[in-house]
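Here is a short briefing on one protein model. Look over the sequence and the 3D view first, then work through the points below.

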Amino acid sequence: MAARWISSQEIARHDTLEDCWLVVDNQVWDMSAFAPDHPGGVEIILRFAGRDATAAYNQIHSPDLIKKALPPTQLIGQLDLSTIDKTWSQKSSLPSKSSSVRPPLSTILSSHDFEEIARHSLSKKAWAFYSSAGTDLISVRNNSLFYQRIWMRPRLLRNVSTVSTQVTILGASFALPVIAAPVALARLANPCGEKGIARGAARTRTGYCIPITASYPAEEIIASVNRDHPFFFQLYVNKNRASSEDILGRVWDLGIRTLFVTIDTPTPGKREADERVRTEESIAMPMTGTNASQDARGSGITRTTGSFLDGALSWDDLTWLRKHWQGRLVLKGVQSVEDALLAMDAQVDGIVLR
Ligand code: HEM
Ligand SMILES: Cc1cc2nc3c(=O)[nH]c(=O)nc-3n(C[C@H](O)[C@H](O)[C@H](O)COP(=O)(O)O)c2cc1C
């Protein structure tokens, strides 16, 4: 088949995650499907979307990798060299080394490494949001100290040549006894947002509790995963109960059967670091219908998106919840023995501490 010649101007128009073309050695590749799964991170691909990535690509990869990694159908043509103008040449030089370039995943050894890299590579606002905690940070600091009090008492001389981390949690079978917690607005850290987390969870057969505060609607998150996986869903109850009922119906229709209802947030926390860093772009939560904004007090994402939270929620509302949710019910955020006992009396299927 004759090569299709593509002008630099046309290539430049395909510069988004959903519609992402990239040039390597004058060949034009459609990276839209591969970009979110690029082992070197989606950001670097996005940075070259609609541009010539030859120099950056060759610094890292061998020339034939691209043909091995991408199906031939993604090769859509040849850069028409006669259309190269000044704008194209300028954009196609190597970008200066920026702190937003993250090291290869394989070099990250622990969650402390992740935290350190995030501190330097996230936007100021994203870092303030994810790393901040309530008021004087007393709970968050002490939580880490309490974790350090948990010690193992190893029993030895057991045959551990084959071990299995396989586990069943709330009726769902996982490869590891770990569930990724619901954390709002993952898109602040990466354009794939919760879709990326969901894909990773499905690929590694680990749990993920999709938050109502996600940056994508649950429908889009689930649709981006190309295999069956038992996802959980986290609900903050809305003052407008009809809105919560609608969400519960949507989540059920997606095949989700386990609901975590967060009960420790009758009102948004006072996250001071998050208040202090201005919100530069509009940040929406499609399922809560709220947007991050700024006012005289500051730019706290938690506060400005949390106006829907229902401070009137009480144990009596479990009857209402049961009426609209036939699946498993977990209460998230229990912090005292007394409340754990009340949860048992209410016959919920589980509790999450803190
Ligand atoms: C243009 C098409 C590209 C394709 C098809 C592609 C494909 C891949 C593949 C298959 C890997 C897995 C490891 C390997 O086999 O080497 C990888 C890793 C990686 N890629 Fe790319 N890549 C592309 C462009 C780029 C560009 C432009 C950069 C810019 C710096 C880049 C940076 C990286 C990095 C840093 C890794 C590290 C992986 C690790 O060790 O964790 N890639 N890429
Ligand atoms: C930035 C951030 C956003 C969070 N968003 C949510 C949320 O939307 N819903 C929820 O139930 N919990 C949310 N949480 C709480 C976490 O799910 C988790 O319970 C908490 O961070 C304690 O776990 P950790 O010690 O592993 O951080 C959030 C926590 C953080 C730090």
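Strand 9 (residues 207-211) and strand 10 run parallel, joined by three bridges. Keep in mind that this is a predicted model.

**Strand 10**
- Cys209 stands opposite Phe232 in strand 10.
- Phe232 and Gln234 point one way from strand 10. Phe233 and Leu235 point the other way. All four are buried.
- In a regular strand, side chains alternate between the two faces of the sheet.

**Helix 11**
- Helix 11 covers residues 241-253, which makes 13 residues. From first C-alpha to last, helix 11 reaches 19 Å, close to the 18 Å expected at 1.5 Å a residue.
- The buried residues of helix 11 are Ser244, Ile247, Leu248 and Val251. They lie on the same side of helix 11, because they cover an arc of only 100° around the axis.
- An α-helix has 3.6 residues a turn, so residues three or four places apart point the same way.
- The buried residues of helix 11 pack against helix 10 (218-223), strand 10 (232-235) and helix 14 (317-324).
- Exposed residues Ala242, Gly249 and Asp253 sit on the face turned away from the buried side of helix 11.
- Just after helix 11 comes Gly255, with a positive phi of about 90°.

**Ligand 1**
- Ligand 1 is surrounded by 19 residues. The closest are Pro39, Gly40, Ala56, Ala69 and Pro104.
- Which classes make up the shell around ligand 1? The shell has 15 nonpolar residues, four polar residues and no charged residues.
- Strand 2 (21-24), helix 3 (54-60) and helix 4 (65-69) each supply at least two residues of the shell.

Key. Residues numbered from 1 in each chain as written. Chains lettered and ligands numbered in written order. Predicted model: local features only at pLDDT ≥ 70, side-chain atom pairs only at ≥ 80, totals over all residues. Near = placed C-beta within 6 Å. Nonpolar A, V, L, I, M, F, W, Y, C, P; charged D, E, K, R; others polar. Expected span 1.5 Å × (residues − 1). Buried ≥ 20, exposed ≤ 12 C-beta atoms within 10 Å, placed from the backbone. Arc of directions from axis to C-beta. Contact = placed C-beta atoms within 7 Å. Pairing = 2+ DSSP bridges.
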